[in-house]
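Let us walk through this structure one feature at a time. Keep the sequence and the 3D view open as you read.

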Amino acid sequence: MSTTSRPIPRGRGGGEGVRIRDHLANVRTFLAWLRAGLVLLAMGYAVAKFQVIESLPNRYLGVLAAVAGWLVIVIAGVSFIRMRRAIEAAEFAPSVTWNLGLSLLTAGAGAAILVYLVRS
Amino acid sequence: MEEMQPDAQQKTGSESTRAREHLANERTLLAWIRTAIALMGLGFVVARFGLFLREISAIGGHPVQSGSSYSAPIGIVLVASGLLAVAISTFRFFQARDQIEKGRFVPEVFPEVAIVLVTLVAGAALIAYLALSGN
């Protein structure tokens, strides 16, 4: 759509405004992933710590959730950097792998909690 | 309208997208603040809940859990990183605001990388503490 004589240096070609908004949206996506990881970490902590007495499986489940949260934060950082590069080079391609992974992970955690609550 | 924006020719949409850029910048700041609140909340729970558990088991006559004192420094680091996130992101908000007005936006990585690294270190400490502390 650009009709200016000045060449657009970076971004996907919608002009500077689109490039700015792409980068800001990337930061917000990164922060949303970071929050998801933090909540998983907190949930793992709560599950591992809430059992004042008894039950070893709880502790393993909690540590597992905390490790999963930690990995989600790693993914947040890595995909932020990769997406930033893709925006500058106009090579953005939507990927579904990590999103599906996070959904499955959360569903698994929810199912584990459900089983625990029903059985105890 | 044009004299308010000396570099308007750099943007194809000029005034019509200017507002959206500033609003996107504002949403980004709010997302940072939410993340900082989550960090501080987790830190507070980690620091205080460890103490609470220790006192509860002492009252109940159970042996005091070893290693529980590690929860306080981990919690404090998490709260401090939340505070750091507020400071960095507020600075970045005004920097980006200026860059949007000038039409020369530079995508930063420092705030994001800093907060990811601090959170990963605190998270690793928390996991180590959970996995290693005896029940």
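Start with the second largest pocket: its lining has 14 nonpolar, 4 polar and no charged residues. In this grouping, Ala, Val, Leu, Ile, Met, Phe, Trp, Tyr, Cys and Pro count as nonpolar, Asp, Glu, Lys and Arg as charged, and the others, Gly among them, as polar. The second largest pocket has a volume of about 330 Å³. It is lined by 18 residues, and Val47(A), Leu61(A), Ala65(A), Ala109(A) and Ala112(A) are the closest to its centre. H1, H2 and H3 of chain A each give two or more residues to this lining. Helices (H or I, at least four residues) and strands (E, at least two) are DSSP runs, numbered from the N terminus.

A word on the source. This is a predicted model, where local features need pLDDT of at least 70, side-chain atom pairs count only at pLDDT 80 or more, and totals for chains, interfaces and linings use all residues. Residues are numbered from 1 along each chain as its sequence is written, chains are lettered from A and ligands numbered from 1 in the order in which they are written, and side-chain values use heavy atoms, with hydrogens and water left out.

Now turn to the largest pocket. Its volume is about 610 Å³. A pocket is an open set of points on a 1 Å grid over the protein atoms alone, with protein on both sides within 12 Å along at least five of seven lines; a cavity is a set of points where a 1.4 Å probe fits but cannot get out; lining residues have an atom within 4 Å of a point. Grid points are joined across faces, edges and corners, and a volume is the space filled by probe spheres set on the points. The largest pocket has 26 lining residues, with Ser79(A), Met83(A), Phe92(A), Ala93(A) and Ser95(A) nearest its centre. H1, H2 and helix H3 (97–119) of chain A each supply at least two of the lining residues. The largest share, 9 residues, comes from H2(A). By class, the lining of the largest pocket divides into 16 nonpolar, 6 polar and 4 charged residues.

The largest cavity has a volume of about 150 Å³. Both chains line it: among its 18 lining residues, Leu24(A), Val27(A), Thr28(B), Arg92(B) and Glu112(B) lie nearest the centre. Two or more residues each come from helix H1 (16–50) and helix H2 (56–88) of chain A, and from helix H1 (15–59) and helix H2 (71–102) of chain B. The lining of the largest cavity has 9 nonpolar, 5 polar and 4 charged residues.

Next, look at where the chains meet. How many residues of chain A are in contact with chain B? There are 41, and they touch 51 residues of chain B (contact means heavy atoms within 4.5 Å). The area buried between the two chains is about 4,200 Å², and carbon and sulfur atoms give 71% of that. Buried area is the accessible area (1.4 Å probe) that two parts lose on being put together, summed over both. In chain A, Arg21(A), Tyr45(A) and Lys49(A) lose the most area to chain B, together 18% of what that side buries.

Finish with salt bridges (a side-chain nitrogen of Lys or Arg within 4 Å of a carboxyl oxygen of Asp or Glu). Over all chains, the count comes to 4. Between chain A and chain B, the count is 0. One salt bridge joins the side chains of Glu16(A) and Arg19(A), at 3.0 Å, N to O. Both residues lie in helix H1 of chain A, 3 residues apart, about one turn of the helix.
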